[in-house]
Amino acid sequence: MVRFRRWQRGHLVAFGLLTLGLAGCLRNTGREPEEIRMVSGWYDPAGSNESTEALLNFDQLKHTAEQVRAARKPKDGIIPPKRTLLALSGGGMYGAYSAGVLVGMTDSGTRPNFDVVTGISTGALISVFAFLGSETDCELKQFYTTMTSDNIFTKRRTIPALLLNSFADNAPLAALIDKTVTIERLAAVAVEHKKGRRLYVGTTDLEARRSVIWDMGEIASRGTPEDRVLFNQILLASAAIPGFFPPVPITVQAAGRTSVERHVDGGVTLSLFFAPPYVSPEQRATLPKNWLYGSDMYIIVAGKIYSDPAQVKQRSFMIAGSAITTVLYAQTRGDLQRLFLSSMLTGMNYHLASIPLDFPAPISSTNFDPVEMTKLFNEGYRLARLGTTWRNTPPGLGAGEGPAFRTTTKLVDGPPRPGVVGSGELGGDKGGNIPPVPVAK
């Protein structure tokens with residue numbers, strides 16, 4: 001009884017704090033929005049110059065990367081067959097931008113038939129369309145320009161939701177996935193899988209706290225009703241934002257035992273990932289180390305690389321939420337740098353697309369507004385048609401993308417840094433995507 005009372009008191013306090021955090025509106029004692037928009041342009045000339053010269057010689061880093069990539073070139077002059085890989089990140093309704101890029105590539109004649117497609121969260125949903133090719137473009141566009149929040153989830157009341165496993169019910173999304181991934185579409189995935197193409201989706205095992213990568217083509221190839229259920233469960237799980245959507249139970253058998261795993265958003269452990277193309281067993285023994293040289297790695301981030309500055313109210317939940325957002329953006333940049341390293345060591349070409357830094361994207365990624373999603377789709381489409389959506393360097397190698405080094409608090413007002421709406425300091429397009437690289441046909 002004592003333990004129960006302590007538990008009860010603790011939870012009542014937590015519930016009360018949450019209620020205050022959600023309902024209250026405490027006075028903000030930080031900077032005003034206009035000042036926040038300016039602050040990223042403030043810098044210390046002495047600290048910046050010293051750090052640039054001693055620690056962050058971006059030109060040298062890019063030069064070294066090109067040297068390493070060139071070293072992978074076959075010495076005999078025989079270039080291996082070019083492969084194309086596509087990695088799609090999570091990002092909720094920002095997936096409309098990713099969809100626009102793909103359709104824009106189709107209409108510009110620059111979209112390859114990807115050998116490998118990987119997806120996380122909303123990227124997992126897009127990955128099926130991307131894998132099956134441009135024939136699904138009309139459906140992909142409709143999916144990301146007409147869907148509303150009501151098509152994706154239903155919200156629960158705040159206080160009752162605290163006693164449940166999520167603040168929203170994603171049953172509408174489950175029904176939408178079931179309607180989209182038909183038996184015929186699953187068969188089409190299986191056909192492409194047998195050709196040697198690969199489709200992978202990432203989820204997170206909630207209790208094991210690790211990433212799980214699912215071979216969706218292999219699952220589709222078995223062709224049983226149970227495997228179609230599993231296929232759709234994986235897509236639903238990959239997009240199940242923890243706490244916002246409920247975990248998806250997946251039954252597994254191991255060591256003679258049946259167990260139920262609970263899977264959530266793959267973005268919890270990986271924002272995006274790379275998987276190599278399929279190589280038959282008989283080819284693996286003689287596979288040269290530079291077999292991926294000259295291949296193309298395409299990465300589409302459903303979001304910005306640097307988050308927009310925003311005012312944070314003096315409330316614990318707001319402060320914690322802002323910190324989590326900052327961590328997620330940093331994780332994405334780290335994963336993009338990791339993929340750049342992979343491309344460098346294998347000799348692949350690196351193509352990165354993301355929402356331009358100066359594009360006025362909505363704040364919430366879970367508010368599926370057709371008007372805003374159409375704007376995102378059109379921007380992705382426009383840049384892909386122009387060929388200016390791609391950059392060949394990861395975050396951190398562009399001017400102004402490093403941390404702010406300071407030796408004093410007396411700062412100089414300079415050009416805006418990445419993450420500030422209106423920033424165009426990097427040249428190229430206004431998103432800092434330089435230098436634009438031609439997309440392989």
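Which side chains meet in a salt bridge at 3.0 Å, N to O? In this predicted model, the side chains that do so are those of K304 and D308, a salt bridge being defined as a side-chain nitrogen of Lys or Arg within 4 Å of a carboxyl oxygen of Asp or Glu. K304 is buried, its relative accessible area being 6%, whereas D308 is partly exposed at 29%; here buried denotes under 20% relative accessible area, exposed over 50%, and partly exposed the range in between, with a 1.4 Å probe and protein chains only. D308 also stands 7.8 Å, C-alpha to C-alpha, from L357, although 49 residues separate the two in sequence. L357 is found in the loop between β11 (349-353) and α16 (370-386), and it counts as buried because its relative accessibility is 5%.

Because the model is predicted, local features need pLDDT of at least 70 and side-chain atom pairs count only at pLDDT 80 or more, while totals for chains, interfaces and linings use all residues. Residues are numbered from 1 along each chain as its sequence is written, and side-chain values use heavy atoms, with hydrogens and water left out.

The secondary structure of the chain comes to 16 helices and 12 strands, where helices (H or I, at least four residues) and strands (E, at least two) are DSSP runs numbered from the N terminus. Of the 441 residues in the chain, 46% are buried. Among contacts between residues at least 6 apart in sequence, 78% join residues at least 24 apart, a contact meaning heavy atoms within 4.5 Å.

Helix α11 (residues 183-194) has 12 residues and spans 17 Å from its first C-alpha to its last, close to the 16 Å expected at 1.5 Å a residue; the expected span is 1.5 Å times one less than the number of residues. Within α11, the buried residues are R185, L186, V189, A190, E192 and H193. These residues lie on the same side of α11 because they cover an arc of only 165° around the axis, the arc being that of the directions from the helix axis to the C-beta atoms. On the other side of α11, I183, E184 and K194 are exposed. H193 counts as buried at 7% relative accessibility, and, leaving aside residues up to four places away in sequence, it touches F131, R198, D215, G217, E218 and S221. The helix is followed by G196, whose phi is positive, near 105°.

The count of salt bridges comes to 13. One of them joins E139 and R185, whose closest N and O atoms are 2.9 Å apart; this pair links distant parts of the chain, with E139 in helix α7 (residues 137-146) and R185 in helix α11, 46 residues apart. E139 is partly exposed at 29% relative accessibility, whereas R185 is buried at 16%. E192, K195 and R197 are linked in a network of salt bridges. A further salt bridge is formed by D296 and K82, with the closest N and O atoms 3.6 Å apart. D296 lies in strand β10 (residues 296-300) and K82 in the loop between α4 (58-71) and β2 (84-88), so the pair ties together parts that are 214 residues apart in sequence. D296 is buried at 2% relative accessibility, while K82 is partly exposed at 47%.
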